[in-house]
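Student: I have a model open and would like to go through parts of it. Can we take the sheets, then a few residues?

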Amino acid sequence: MQNKGFIRTFAVALALVCLYTLMFTFRTSSVEKAAKRYSGGSYEKEQAYLDSMSDQVVYNFLGMRKYTYKECKEREISLGLDLKGGMNVTLEVSSIDIIRALSNYSTNETFQKALALAREKQKDSQSDFVTLFGEAFEEVDPNAKLASIFNTVELQNKVNFNSTNEEVLRVIRSETEGAIDNAFQILRSRIDKFGVVQPNIQQLETKGQILVELPGVKEPARVRKLLQGTANLEFWETYENSDIFPYLVEANARIKELEDAAKALASGDTLVNAEAGETVAEEVAAETAEDASSETSLLDRLAQGGQTADSLVSEADIAAEYPLFNVLTPNIGSDQSPMRGSTIGYAHYRDTAAVNRLLRLPQVKAIFPRDFKMLWSVKPVEFDPAGNTFALHAIKKTGRDELPPLDGGVVVNTSAQFDEERGGSAGRVQMTMNGEGARIWGRITRDNIGHEIAIVLDDYVYSSPVVISEISGGNTSITGNFTITEAEDLANILKSGKLPAPARIIQDEVVGPSLGQESIRAGIISFILALVLVMIYLAFYYSTAGFVADIALLANMFFLMGVMASAGVVLTLPGIAGIVLTLGMANDANVIIYERIREELRAGKGIKLAVSDGYKNAYSAILDGNITTFLVGLVLFFVGTGPIKGFANTLVLGILTSLFSALFITRLIFERMLAADKTPSFSIPLTANILKNTAYDFIGKRKMFYTIAICVIAFGLLSVIFNGFNYGIDFTGGRSYTVRYDQTVNTVALQESLRDALDGNVPEVKTFGSDNQVKIITDYLLEDAEVADADSIVEARIFAGSRSLLPAGTTLAAFEADYIINSQKVGPTIADDIKLSAVIAIILALAVMFLYILIRFKNWRFGLGSVIALVHDATITICMYSVLYRIVPFSLEINQHFIAAILTIIGYSINDTVVIFDRIREYTTLYSKRPLKDILNGAVNSTLSRTMNTSLTTMLVLLVMFIWGGDVIRGFVFAMLFGVVIGTYSSVCIASPVVYDLISRKDRKEKK
């Protein structure tokens, strides 16, 4: 072997670098184990211990460089959220809101129609919103000019009346991208102040989408509020409740009149509104239809004299007489007179959307003063211990253009403080304003002594204090039903700045720490078992050479972990699967080399020459096979996201390290043994002649193989048509919760209970793993933009529907922390993106394989044969998911993990196929005068031993992962296990026969 000195030096240097980088992980692990021992199970004590170690030296590298625990933590192997718990969020900054703001909220009809059309187009398009808006504007009115809408004061230096639509769109695009970049920096600032170790925030390729990863987060609801708040702080004057109450009474009467009209219309009668003098249309009836089962009514409240909405009983006749007050309890006392303040009513959270719809009806809205607007409180009212009732405030629009008289732009500093008046852990936010803000604030408070000022953030009332006297100096505070933690978050949001547009969560996943620990445990167990079994198999089959391969395997694992640590690659659960799969596939190079050496020995060559020629003749097949799998890994890396990218990382790096270990480490060991006159053995008597001199007629039986493939695929396609698939929420959109109860779960009974809790929405409930663990899937409130805190509401409803399975006294917070071990949300837009990405990834992988085979073998028939075999493998595996998902006792979902499995199967199958094609190419040169059928049969038979050994070791590894790898990846591993079997079959029985038929057809044409 040439360049032995260089290879030996490189191997030693690589080992030292890997040892250096892995020591950071060893040292942090040692400190964290000591923290657990010290804490005695207390999370607070454990964190306090780790905080105290932050600046302590824990790693001294050869006396040259000292590293503190904090520095080691930054350099250790990073674990993904699925292994250590945490939250993964994809945010989308609203481009439509940015465009509206750029137009100064234009009411132009063409502009509004174009925005609505662009939003519809976005559901089925991958183009950015600005492009879609431009296309929609052109469709709505080809002669309209954008310059007439965007020639605002803010854009006067960029847009004038003579600007073309293309020029205006360029300005809009530039301003939108700038606003998104600004939003990214503001969100980064908020996260940095949140106190999470090793957070990750990055902009995704789709403009406007931002990925946020927060490891170790235990309060997902708090994170959602932190990320989605725009920090649009406003100070509004308010109406007195007594001023608005008469309008509410009149509005109730008007709504009753409209509902009566709707009923008459439904019965075929025509009723004319006496005041407006116009026929009531069907759309009014649709808008005013309300749920007859609401819990609150005016007469009930007057009769009981209470203020708790949950305690009230609704009756159909009262609901018909008081349609507004049936969902909105007016703020009146026992003497039926309006209470003081800006609060005009209370509603259960499920009724807030109904109140909004009723009061926004044009016929109802016309009743109220033009400067009236309504806003809900951000926190439930204190008199409702269940936390279900919210207050509705009457806001007075006294500013110009309906803008508040004062906004957050004047605030120069914020801080969270304990609220001494409320005591305990109550908090408030202290604010300091600039000179202009102090002057305006002084005037507002002077003019409103004895009245409330509403302090509003993101269109929710946080506080509505009564002004006692004029406040000068610009200092004020936000008080309310806040804890000190909530006050700190609010101060953080205000200090970081206002987002240029709302950022909404379109995808999120929460992994509980207990599930993360279980995933680590399952991953380690499956890894160790797979490693031991493969090493035993190699040592048994190849004797001394098998032990050499074992050393190469251990070196490969060491190098792989070291390179991952050095490159900062995040290790995920699919990443562990990638490592274990690499372990199985790494043997392929050793197996190819050893089978070649055994052939050379059978040919009568001496051991030294046999080893030399064996390595030399194996290089081509090894490189071709690994390059094709490497290319699939690259497709996964660039097209996949999240866990799929983690799988691709380890697969790509694993291929590189396994190649180095198999080609060079083993060669160095054999060279040393031969130099010492030690003769390595490459088999034992039992395995020496396995599959030797076989002569199976694979080509002659090709029609039988084709028939089997066609029948299996036809059966699978029939299942797809009539049985369908079990699509995961990656593809359909929705919310998924994995919940572990303390007792066995009857999924049918739980589904019924949850249906009642989710207002009739029927969730999917299925056992996931053990019989006390279920996965709950629902689309409840997924697209309801009017419902604030929809994620928290859904979790509260699931808690309510699960009460019969929970110990008495279990709180919502305890349920979220201890029972929900994993949750995921995928919005419909991102679900469409995932589906498209999956199709692109598979097509791209097939195209890349075809091109590589075409270039490498200089014959398109080999490329087509390989692609047909790959389509065969992918189709049968996909169809089997349809056939089996109702039968097997584990989850078989079509999701991102499944797509990763399909692409891995493609990589494995093409690796198998290329090894056989490589031997066909060799035999074509050596035995050019033989019939083509004999050449192909000989090539396939000569590689059977290698095919068997590679397939067995890979299946052995996958079987270990399937049994001990955990519930999360069981379906993923099943797809790969099934795919390896099908891929091995197609490499031998489909790919080579197809190539034979294609070449034979060409020869027949040439003879004619």
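Student: Which residue stands opposite R735 in β20?

Tutor: T778 does. Keep in mind that this is a predicted model.

Student: How do β18 and β20 pair, parallel or antiparallel?

Tutor: Antiparallel, over six bridges. Strand β18 covers residues 734-740, and β20 covers residues 773-778.

Student: What holds paired strands together in general?

Tutor: Strands of a sheet pair through hydrogen bonds of the backbone.

Student: What is the strand order in the sheet with β18 and β20?

Tutor: The order is β4-β5-β3-β17-β21-β18-β20-β19, an open sheet of eight strands with antiparallel pairing. At the edges are β4 (200-203) and β19 (764-767), and each of them pairs on one side only. On average, neighbouring strands in this sheet are turned by 15° against each other, direction ignored.

Student: Which strands does helix α10 touch?

Tutor: Helix α10, residues 220-228, packs on that sheet and touches β3 (86-93), β5 (209-215), β17 (503-511) and β21 (820-826). The direction of α10 makes about 155° with that of β17.

Student: Next, the sheet with β13. What is its order?

Tutor: β12-β13-β16, an open sheet of three strands, with antiparallel pairing. Its edge strands are β12 (411-418) and β16 (475-478). Neighbouring strands here are turned by 25° against each other on average, direction ignored.

Student: How many bridges are there between β13 and β16?

Tutor: Four, in the antiparallel sense; β13 is residues 427-433. V429 stands opposite I478 in β16. Helix α17 (residues 435-447) packs on this sheet, touching β13 and β16, and its direction makes about 110° with that of β13.

Student: Changing topic. Where is V995, and is it buried or exposed?

Tutor: V995 is in helix α34, residues 970-1007. It counts as buried because its relative accessibility is 1%, and the cut-off for buried is under 20%.

Student: What does V995 touch?

Tutor: Leaving out residues up to four places away in sequence, V995 touches R861, F862, G865 and F917. V995 and G863 are 132 residues apart in sequence, yet their C-alpha atoms are 8.8 Å apart in space.

Student: Which residues form a nonpolar surface patch with V532?

Tutor: I524, I528, L533 and I536. Together with V532 they have about 420 Å² of accessible area.

Definitions and conventions. Residues are numbered from 1 along each chain as its sequence is written. This is a predicted model: local features need pLDDT of at least 70, side-chain atom pairs count only at pLDDT 80 or more; totals for chains, interfaces and linings use all residues. Side-chain values use heavy atoms; hydrogens and water are left out. Patches are made of residues with over 30% relative accessible area and no salt bridge: like charges are joined within 9 Å, nonpolar side chains (Val, Leu, Ile, Met, Phe, Trp, Tyr) within 5 Å. Accessible areas come from the Shrake-Rupley method with a 1.4 Å probe; for residues, only the protein chains shown count as cover. A salt bridge is a side-chain nitrogen of Lys or Arg within 4 Å of a carboxyl oxygen of Asp or Glu. Two strands pair if DSSP finds at least two bridges between them. Helices (H or I, at least four residues) and strands (E, at least two) are DSSP runs, numbered from the N terminus. Axes are lines fitted to C-alpha atoms, for helices over the stretch in contact, and angles run from 0 to 180 degrees between N-to-C directions. Contact means heavy atoms within 4.5 Å. Buried means under 20% relative accessible area, exposed over 50%, partly exposed in between (1.4 Å probe, protein chains only).
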